[in-house]
Amino acid sequence: MAEPLNIRKIIQELLAGRMRVPNFQRGFVWDPERVAYLMDSIYKGYPFGSILLWRTKQELTHERDLGPFHLPQNDPEYPTDYILDGQQRITSIFGVFQTEIELEDKPLWAKIYYDMKASENAQESSFTALEDEEVIKHQHFPIGCLFDPVLYRKETTDYDDTTIARLDKIQARFKEALIPVQTITTEDKTAVAIVFERVNQRGVELDTVQLLSAWTWSGDFDLNQRFEELAADLTPFGFKDVGSDKDLLLRCCSAVMLRDPSPDSLISLNGTKVRETFDHVVTGIKGAIDFLRKNLHVESLDNLPYDNLLVPLSVFFAGEPDKQKRVTNNQRKEMLRWFWHTCIHRKYNSQPIKSLREDVIEFAKLADGSITKLTHPEVGLSNTFFLNNTFRLNSVVSRTFILLLAQKGPRSFLSGNKIDLRKALKEYNRNEFHHIHPRSFLKTAKNSEIDDSCLANMCFLSRSDNNSISGSAPSDYRKRMGEDIEDIEEANFLPPSTWQDNFETFVEERSVLLTTYAAQLLGGGTAPKRKKGA
C-alpha cells in the first residue's frame, strides 16, 4: 500500500505525464450525476474506493487519453504510474479541478457546482452539474476553482465574509481529502494483465474485447489498436465496417485459433498464443474479403446476407502473411456452393453458433485437404421463393437476391450499359433497386394477389432510368429501349412477357428464370445463357 495522494498531487502527476492510462482500459463512461456524487462523497469524507497503479519504467506503445484530455509524455528518467483501477474517479477529479488544459467544449460532467441552498444532510448531494445558462449567481459555486488561487479569489470577490468563510471550509475539505492508493511495481506485463482482469471482475463486467485486450496485451501488441489498423487497411475496399465490428472480429479470431467461433472460448488461450497467431487471423480475413469481392461482387459488409459468412472463409484463408493461399478450382466451387446454400436456405437463422461451428470445422478440413466436399443440406427451391418473398433492403433474402442478380452482370434498361456494380453495391441503398412493373402503373393495371414488391418484380435500376420510366407501362418504355434489348433481357432475367403488361404472367415466368439460375448456383455452376429469340 502506497502513501495516499491528495487531489493536488494527482493533478500534478497527470499534468507532468507521470500518471497515465493504458490503452486496454475502457474509455470514460461516467455521467454528470455520478461525478457530482463523487464530489459529494469526497466533501463528506465518505469512502469511495482506492486507486490501483502499476509503476514501471517501460513506456507503453499504445496509451489512452484521460477522457477528453490529452496528457503530456513523461520524462523518461522517471517511472510511469499506469492506472489499472480508478480511471473513472481520477478522470472525474482531474476534469473538475484542473485549470491548465483548455477544452473547446468543456463537458457537462466537468462543470460541477456546490449548491449553497441545498440542505446539508447525509443522504442528499450538495453538488450538481450545470450548463452555464443554468447557473444562479450566489447560489451555485463552481468548485473547479478550488485548486487555483487566482480563480478562487475571483469567484469569491462578491461574497460577504460569512459566505467566504463557508467557502473556505469547503475548499479546505477538498484540499485535505486523501485518496487511498495501491501501487504494484513489476515489469511482468502478463501479471499486470491478470491483475487488471481480476480487479475489473469486481466492478462493471468487461466485455470480451476489453477482457481479451487485457489478457493478450504487451508493450508491442494492443488488440484494440490492431483492430483499428485492420479497419484502416480494409477501408479502400469498402470493408471498414469489418474492422469496427469487434464481435465479428472476435468470432474470426476464435474460429481461426480454436476452431470454435464463440468469442468466450478465446479467454482460455494465453496471451502469447493470441499475439503469435493474430497475423494469421488478419491474413484470413483479408483473404476472405478478396474471395467475396472477386467471386461474388460483394463490395461491403452491408452486401453480405450474414456477417458470419466471413468466419468460415477466414479459417480457410488464414495463415502466414507472406504465403499466398492457393485455391484449387474444386475448393472455389465448393465454397461458392456453400455460400449460396447458406444464404438461400437461411442456414444461420436458427442455431447460428452451432451451424457456424460445423462450417468452421469443415472449412479447416477443406483447407488442409482432409475433405474435398462441403456438406450441404438437400433442400429444394421452388419458384415461390421469388414470388412470396418481398424486397426489404436489409433482409437476408433480399441481400441474397441482390447478389444473385449481380452475378449475371445486369444492364441498364434504357441505355443498355452495364450497371456499375462496384458503385451500386458500395453505396447500397434503395435508389439502385426498383420495380420492373412500376407500382404506380400497377395501381390501375394489376389484377393479381401477388405483392408488387415481390422479388420477381425487382431489379438493379439507376435512379435516372427509374425517373425516366416513372409510372409507364412496360410496353411503353420498351419502345424507348435500344436494339440490344435481348442482351438487356438476358442480363436482367426478363422473359418476353415482361412487355405484355400482364403482371402475374410476368412475375411467374421471371421467377422460373431466377429459380433455374439459383439452382445452377446451388449446384456449383452458372446457368447457361438463353439463346436469342428463345
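**Helix packing and strand pairing in a predicted model**

Author: The crossing of helices H12 and H14 is right-handed. The model under discussion is a predicted one. H12 and H14 (residues 352-368) have axes that come within 8 Å and cross at roughly 25 degrees.

Reader: Why is H12 called roughly parallel to H14?

Author: The term applies to angles under 35 degrees. The two axes cross at roughly 25 degrees, which means that H12 counts as roughly parallel to H14.

Reader: Which residues of H12 meet H14, and what makes up the contact by class?

Author: From H12, the residues Val311, Pro312, Leu313, Val315 and Phe316 meet Leu356, Asp359, Val360, Phe363, Ala364, Leu366 and Ala367 of H14. By class, this contact has 11 nonpolar residues, no polar residues and 1 charged residue. Aspartate belongs to the charged class, and Asp359 in H14 is one of the residues in the contact.

Reader: At what angle does helix H11 pack against H12, and how far apart are the axes?

Author: H11 (residues 271-296) and H12 (residues 310-317) pack at an angle of about 115 degrees, and their axes are 7 Å apart.

Reader: What makes H11 roughly perpendicular to H12?

Author: Angles of 65 to 115 degrees count as roughly perpendicular. The angle here is about 115 degrees, so H11 is described as roughly perpendicular to H12. In this packing, H11 passes H12 in a right-handed crossing.

Reader: Which residues bring H11 and H12 together?

Author: Thr283, Gly284, Ile285, Gly287, Ala288, Ile289, Phe291 and Leu292 of H11 meet Leu310, Leu313, Ser314 and Phe317 of H12. The contact of H11 with H12 has 8 nonpolar, 4 polar and no charged residues. Glycine counts as polar, and Gly284 and Gly287 are among the residues that H11 brings to the contact.

Reader: Where is proline 321 found, and what does this residue contact?

Author: Proline 321 is in the loop between H12 and helix H13 (329-344). Apart from neighbours within four places in sequence, proline 321 is in contact with Asp279 and Thr283. Thr283 is also one of the H11 residues that meet H12. The C-alpha atoms of proline 321 and proline 495 are separated by 48 Å, and these two residues are 174 residues apart along the chain.

Reader: Why is threonine 400 counted as buried?

Author: Buried means under 20% relative accessible area. The relative accessibility of threonine 400 is 2%, and therefore this residue counts as buried. Threonine 400 has its place in helix H16 (residues 396-407). With residues up to four places away in sequence left out, threonine 400 touches Pro305, Trp340, Cys343 and Ile344.

Reader: Why is strand S3 called largely enclosed by the rest of the structure?

Author: Of the 6 residues of S3 (residues 51-56), 5 are buried, so the strand is largely enclosed by the rest of the structure.

Reader: How do you know that S3 pairs with S9 and with S5?

Author: Pairing requires at least two bridges between two strands. S3 is joined to S9 (residues 178-185) by 5 bridges, and the two run parallel. S3 is also joined to S5 (residues 80-85) by 5 bridges, here in the antiparallel sense. Arginine 55 has threonine 185 as its bridge partner in S9, while threonine 56 stands opposite threonine 80 in S5.

Reader: What makes both faces of strand S2 count as covered?

Author: Met19 and Val21 lie on one side of S2 (residues 19-22) and Arg20 and Pro22 on the other, and all of them are buried. S2 pairs with S5 in the parallel sense over 2 bridges, and methionine 19 has aspartate 81 as its bridge partner in S5. S2 also pairs with strand S4 (residues 63-64), in the antiparallel sense and over 2 bridges. In S4, arginine 64 is the bridge partner of valine 21.

Reader: In what order do strands S6, S7 and S8 form their open sheet, and is the pairing parallel or antiparallel?

Author: The 3 strands follow the order S7-S6-S8, with antiparallel pairing.

Reader: Why are S7 and S8 called edge strands?

Author: Each of S7 (127-129) and S8 (140-142) pairs on one side only. From one strand to the next, the twist averages 40 degrees. S6 (residues 112-115) and S8 pair over 3 bridges in the antiparallel sense, and aspartate 115 has histidine 140 as its bridge partner in S8. Helix H2 (residues 32-44) lies across S6 and S7 and runs at about 155 degrees to S7.

Technical notes. Residues numbered from 1 in each chain as written. Predicted model: local features only at pLDDT ≥ 70, side-chain atom pairs only at ≥ 80, totals over all residues. Heavy atoms only, no water. Axes fitted to C-alpha atoms, helices over the stretch in contact; angles between N-to-C directions. Helix = DSSP H or I, 4+ residues; strand = E, 2+ residues; numbered from the N terminus. Parallel < 35°, antiparallel > 145°, perpendicular 65-115°, else oblique. Left-handed = near helix turned anticlockwise from the far one by under 90°. Contact = heavy atoms within 4.5 Å. Buried < 20%, exposed > 50% of the residue type's maximum accessible area, 1.4 Å probe, protein only.
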